[in-house]
Every structure is written in C-alpha cells, then in structure tokens.
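The following note sets out several points on the structure shown below. Each point takes up one local feature or a group of related features.

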Amino acid sequence: MSLEIGVETVGPWSVVNLKGRIDAASALEFDRAVRELIASGGLRILFNCAELRYVSSVGIGIFVECSKFAAASGGYLSFAAMTPHVKNVFEMVRFVSLFQMYESVDDALKA
C-alpha cells in the first residue's frame, strides 16, 4: 500500500490525514506535500495517524525536518490517533516528548 495524503482546514488547523505507509517509496511525495503546506501558511499542522500503518526512519527524519521548517515560520506539528505500531516507533526514538500527541483528532481540535 502506498501513502495517501488528504488535507483539510479545520479552524486554525491544517489536518493532514495519512493513510498507508511512509517509507522510502513515499518519502519524497510526503516531504513535498508537508513543505508545500507549511510554505502556503499552514502553521498549525495536525497529522491524523489513525490510518497510518507504518513509518520508517526516513519518515521520522521528514517529520523532524518539517518540524524545523514549520518552527522557522512560527508553526508546529502535532499528532493524533497514532496506531500502536507508529506510536511505538515514536517512543523508540524518544520523539513522544518532542511533539504534542493527542488521542484523537477531536481532542486536538478542542485543545
């Protein structure tokens, strides 16, 4: 399964719905999509990970670089509804404390 990326604006948030896998095959597309979103003014980005099945080290690196890119413009990245596998990857690389994590998209939008 490849990666499907859908973006919707909800109030001040750009909600990025991810479905599939972030790996070497989808990394370029994913990186480009997130950077374009940030460059177009998306400063509060929430990744909905409910249907994200896998993230490789390449994907983790993209999240870090895009976080730096967003921060340079006064923005930030947050995550919601992580699947157990993806959450485990973030915990292994100790990224859970670097990003705001929410149990659900609704929780994030209410915060």
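**Notes on the predicted model**

1. Phenylalanine 90 counts as buried, at 0% relative accessibility. The structure under discussion is a predicted model. Phenylalanine 63 is likewise assigned to the buried class, its relative accessibility being 1%.

2. The rings of phenylalanine 63 and phenylalanine 90 form a tilted aromatic pair, with 5.7 Å between centres and 55° between planes. An angle over 60 degrees would be needed for the edge-to-face class. Because phenylalanine 63 belongs to helix α2 and phenylalanine 90 to helix α3 (residues 84–92), the pair ties together parts that are 27 residues apart in sequence.

3. Phenylalanine 95 and phenylalanine 99 also form an aromatic pair, here edge-to-face: the centres are 6.1 Å apart and the planes make an angle of 75°. Phenylalanine 95 is buried at a relative accessible area of 13%, and phenylalanine 99 is buried at 9%.

4. Aromatic pairs in the model number twelve. One aromatic cluster is formed by Phe30, Phe47, Phe63, Phe79, Phe90, Phe95 and Phe99. Both pairs described above therefore have their rings in this cluster, given that ring centres within 6.5 Å count as paired.

5. Helix α1 covers residues 27–39, and its length can be checked: at 1.5 Å a residue, its 13 residues should span 18 Å, and the end C-alpha atoms are 18 Å apart, which agrees. The expected span is taken over one less than the number of residues.

6. Which residues of α1 are buried? They are Ala27, Phe30, Asp31, Val34, Leu37 and Ile38. Viewed down the helix axis, the buried residues of α1 fall within an arc of 135°, so they line one face of the helix. Leu28, Glu36 and Ala39 are exposed on the other side of α1. The cover over the buried residues of α1 includes β1 (4–10), β2 (13–22), β3 (44–55) and α2 (57–72).

7. Alanine 81, a residue other than glycine, has a positive phi near 55°; alanine 81 is in the loop between β4 (76–80) and α3. With 19% relative accessibility, alanine 81 counts as buried, because the buried class ends under 20%. Arginine 94, again a residue other than glycine, has a positive phi near 60°. Arginine 94 is placed in the loop between α3 and β5 (100–102), and is exposed, with a relative accessible area of 67%.

8. Two arginine side chains are placed over aromatic rings. The charged end of arginine 35 sits over the ring of phenylalanine 69, at 5.4 Å from the ring centre. Arginine 44 lies over the face of tryptophan 13, and here the distance to the ring centre is 4.5 Å.

9. How far apart in space are glycine 61 and arginine 44? Their C-alpha atoms are 19 Å apart, while the sequence separation is 17 residues. Glycine 61 is part of helix α2. Its relative accessible area of 32% makes glycine 61 partly exposed, because that class lies between 20% and 50%.

How values were computed: Residues are numbered from 1 along each chain as its sequence is written. This is a predicted model: local features need pLDDT of at least 70, side-chain atom pairs count only at pLDDT 80 or more; totals for chains, interfaces and linings use all residues. Side-chain values use heavy atoms; hydrogens and water are left out. Helices (H or I, at least four residues) and strands (E, at least two) are DSSP runs, numbered from the N terminus. Buried means under 20% relative accessible area, exposed over 50%, partly exposed in between (1.4 Å probe, protein chains only). The arc is that of the directions from the helix axis to the C-beta atoms. Contact means heavy atoms within 4.5 Å. Rings of Phe, Tyr and Trp (its six-membered ring) pair if their centres lie within 6.5 Å; planes under 30 degrees apart count as stacked, over 60 as edge-to-face and the rest as tilted. A charge sits over a ring if NZ of Lys or CZ of Arg is within 6 Å of the ring centre and within 35 degrees of the ring normal.
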